[in-house]
Amino acid sequence: MKKKAINLSLAALFSFATMSSYLPVDGKTEKNEISRERLAVARKSFDNIQFSFDKAVISEEFETELKELIMAIKERGNAVKLSGHADSIGEYVYNWNLSKLRADKVKSYLVANGIDASRIASTEFGDTKPIATNATAAGRQKNRRVEIEIIE
C-alpha cells in the first residue's frame, strides 16, 4: 500500500485536514470532526514551530497548539515527518547540527506526549531551505523552524 504524503507548512496540513475531515473514518465521523477542530485550533496559532537564535528549545507559546496537534495525530493514527531548519548566521556545519537538534527536540516532545517514536522521521536541512530572507531579523526568525509533515 502506497502512503500519501501531505506537504506542509502546517497551513497545507490544516487545509487538507479541514477538507478530508468530513469523510467518515471507519464510520466515526464524530471522531474525525474532533480531529478537524483540533487541527483548526492549531492552524490559527502557528505555521511552523519557530526557535530563538542559536537555540533548540520549544517556546511555551507553541505548547498548546502542539498538544492539540498531537491529539489529532493520535486519533488519526498518522506518521509524522519533521524538517529542522536554521537561519544563515553561523557556520554551515554548526547550522546543520542546530537544525538537527531542533528537529530532535520536537521529536522528543511528540514522543513524551504519546506519539510512538517509530511513527516519527526527522531530517535536518541547516540553512539550505530558507522560507524568508536572511537579510532581516524577521526573515531569519521565520527560517529558524521545524516544519511538520503529516503522512496519511
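Helices (H or I, at least four residues) and strands (E, at least two) are DSSP runs, numbered from the N terminus.

**View 1. The whole predicted chain.** Read along the sequence, the elements of the protein chain follow the pattern α-α-β-α-β-α-β-α-β, with five helices and four strands. The model is predicted: local features need pLDDT of at least 70 and side-chain atom pairs count only at pLDDT 80 or more, while totals for chains, interfaces and linings use all residues. Residues are numbered from 1 along each chain as its sequence is written, and side-chain values use heavy atoms, with hydrogens and water left out. Of the 152 residues in the protein chain, 40% are buried (buried means under 20% relative accessible area, exposed over 50%, partly exposed in between; 1.4 Å probe, protein chains only). Contact means heavy atoms within 4.5 Å. Among contacts between residues at least 6 apart in sequence, 74% join residues at least 24 apart.

View 2. The four strands form an open sheet in the order S1-S4-S2-S3, with mixed pairing (two strands pair if DSSP finds at least two bridges between them). Strand S1 (49-50) and strand S3 (120-124) are at the edges; each has a single partner strand, so one side of each is left without a neighbour in the sheet. Helix H4 packs on the sheet and touches S1, S2, S3 and strand S4 (145-151). The direction of H4 makes about 165° with that of S3 (axes are lines fitted to C-alpha atoms, for helices over the stretch in contact, and angles run from 0 to 180 degrees between N-to-C directions). S2 and S3 run parallel and are joined by five bridges. Gly84 stands opposite Glu124 in S3.

**View 3. His85, in a loop.** His85 is placed in the loop between strand S2 (79-84) and helix H4 (92-112). With a relative accessible area of 2%, His85 is buried. Apart from neighbours within four places in sequence, His85 is in contact with Ser99, Arg102, Phe125, Gly126, Lys129, Asn143, Arg144, Arg145 and Glu147.

View 4. A search of the whole structure finds one aromatic pair. Tyr92 and Trp96 form this pair, which is tilted, at 5.7 Å centre to centre and 35° between the planes (rings of Phe, Tyr and Trp, its six-membered ring, pair if their centres lie within 6.5 Å; planes under 30 degrees apart count as stacked, over 60 as edge-to-face and the rest as tilted). Both residues lie in helix H4, four residues apart, about one turn of the helix. Tyr92 counts as partly exposed because its relative accessibility is 47%, and Trp96 counts as partly exposed at 26%.
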